[in-house]
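I opened my notebook today to look up a few surface and side-chain features. Here is what I wrote down as I went along.

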Amino acid sequence: MNTQTAPQTSLDAARALLKQLEEQFPVIREHKALALGIDKQLRAQLQDVDKKTLRIALSLHTNTTPYLKSVEKAAHRTNLDGSPAGEIDEAHRARASEILRERFKKSIERRKAQEQAARAERRRAEKLQQLAEKFSSRH
């Protein structure tokens, strides 16, 4: 019996494709800001690739922190062969910066919440230890 759902299978296929693309194309492996319409360049070189799987793989790639940092800081976009493919639109650069800020903010909030939980747990353990010592000394 197959327990995987179709979306999970599509995601797994996209991850496998992304790994293949990273091995085959240095611009993807190095997280360079890719040319707009890079999917057309990829489909021209990889005729047997499923369009939906490629779209998901590119979405996974372009939403990674290293890629967003590249879009934020790079001077231009890059074709598959490494040649320049035009400047990065300021709106795209600003969106990448915004997403990165949100991610880092959430990361800091998550870390603070974990630290607070750890402190509360230590206080709880200390109180329990004090109670245990208090009641064990009475006997």
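My entries below go through charged patches, a histidine, a nonpolar patch and some salt bridges.

**Entry: before I start.** I am working with a predicted model, so I keep in mind that my notes describe a prediction.

**Entry: a histidine in helix H4.** Is His61 buried or exposed? I found His61 in helix H4 as well, but its relative accessible area is 1%, so His61 is buried, the limit being under 20%. Next I looked up what His61 touches, leaving out residues up to four places away in sequence. My list reads Leu18, Glu22, Ile28, His31, Leu34 and Tyr67.

**Entry: the nonpolar patch.** I turned to the surface again and noted a nonpolar patch formed by Leu128, Leu131 and Phe135. Together they have about 280 Å² of accessible area. I placed Leu128 in helix H6, which covers residues 90-136. Leu128 has 45% relative accessibility, so I marked it as partly exposed, between the 20% and 50% limits.

**Entry: salt bridges.** How many salt bridges does the structure hold? I wrote down 7, and I looked at some of them in detail.

- Glu30 pairs with Lys32, and their closest N and O atoms are 3.7 Å apart. Glu30 is partly exposed at 46%, and Lys32 is partly exposed at 35%.
- Glu72 and Lys73 meet through their side chains, at 3.4 Å from N to O. Here I noted a contrast: Glu72 is partly exposed at 22%, whereas Lys73 is exposed at 66%.
- Glu121 and Arg124 form a salt bridge at 3.2 Å, N to O. Glu121 is partly exposed at 42%, and so is Arg124 at 48%.

**Entry: one more look at the last pair.** Where do Glu121 and Arg124 sit relative to each other? Both are in helix H6, and because they are 3 residues apart, about one helical turn separates them.

Terms used
Residues numbered from 1 in each chain as written. Predicted model: local features only at pLDDT ≥ 70, side-chain atom pairs only at ≥ 80, totals over all residues. Heavy atoms only, no water. Helix = DSSP H or I, 4+ residues; strand = E, 2+ residues; numbered from the N terminus. Buried < 20%, exposed > 50% of the residue type's maximum accessible area, 1.4 Å probe, protein only. Contact = heavy atoms within 4.5 Å. Patch = residues over 30% accessible without salt bridge, like charges linked within 9 Å, V, L, I, M, F, W, Y side chains within 5 Å. Areas by Shrake-Rupley, 256 points an atom, 1.4 Å probe, with all protein chains shown as cover. Salt bridge = Lys/Arg side-chain N within 4 Å of Asp/Glu carboxyl O.
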